[in-house]
Amino acid sequence: WEAAAAAPRPARADPPGAGSQAQHVEPPAGPAAASEHASGEADALAHFSLGDLVARVEAAPRAEGDRALDLLRKLLANLAGSPAEPKYRRVRRTNARVADVLRQTPAAEAVLRSAGFSPDPSGEFLDFDDGADMAAVEEALRLVAAAQGRRTPAAA
């Protein structure tokens, strides 16, 4: 067995990249495909705490992290300020700005889910669940604001 493992392997006849498990796969293009991709990654992050999820967003590259934190703060602050307002209880995942943030920073969707949002059956929206605890929204908003404060350079 050891001799077989040490023997040289024959060259592959496959075209470059065909069948390779180490291929880099680009996320799907377009808002709808991007939201599906981000949703799958958000599912994989579901076991993390809210604090850990916000830390993942904060750790994103500067531009992506800033956009994600800005969007999260706006969505969460609107909901916290007017929890009965239907337009703040629903996020269109296919909106270009939202889709861009979710594609580049999947932990952002996981933050929203941890705060009480869930995908609707069509997958186009994240809806704030009836009966979800507003305390989770307020905690997410607090954590996002703190993360933004740490990312903002000190005034000279």
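Predicted model: local features only at pLDDT ≥ 70, side-chain atom pairs only at ≥ 80, totals over all residues.
Residues are numbered from 1 along each chain as its sequence is written, and side-chain values use heavy atoms, without hydrogens and water.

I noted the elements as DSSP runs, numbered from the N terminus: helices (H or I) of at least four residues, strands (E) of at least two.

**H3 and H6**

I checked the axes of H3 (residues 50–58) and H6 (residues 106–114): they come within 8 Å and cross at roughly 155°. Axes are lines fitted to C-alpha atoms, for helices over the stretch in contact, and angles run from 0 to 180 degrees between N-to-C directions. H3 is therefore roughly antiparallel to H6 (over 145 degrees).

I listed the contacts (heavy atoms within 4.5 Å). Leu50, Leu53, Val54, Arg56 and Val57 in H3 meet Ala107, Ala108, Ala110, Val111 and Ser114 in H6.

**H5 and H6**

I turned to H5 (residues 96–104). Its axis lies 4 Å from that of H6, at an angle of about 105°. So H5 is roughly perpendicular to H6 (65 to 115 degrees). Val101, Leu102, Arg103 and Gln104 in H5 meet Pro106, Ala108 and Glu109 in H6.

**The sheet**

I traced three strands in an open sheet, ordered E1-E3-E2, with antiparallel pairing (at least two DSSP bridges between two strands). E1 (90–92) and E2 (117–119) are the edge strands. I found Val91 opposite Leu126 in E3.

Conventions:
Parallel < 35°, antiparallel > 145°, perpendicular 65-115°, else oblique.
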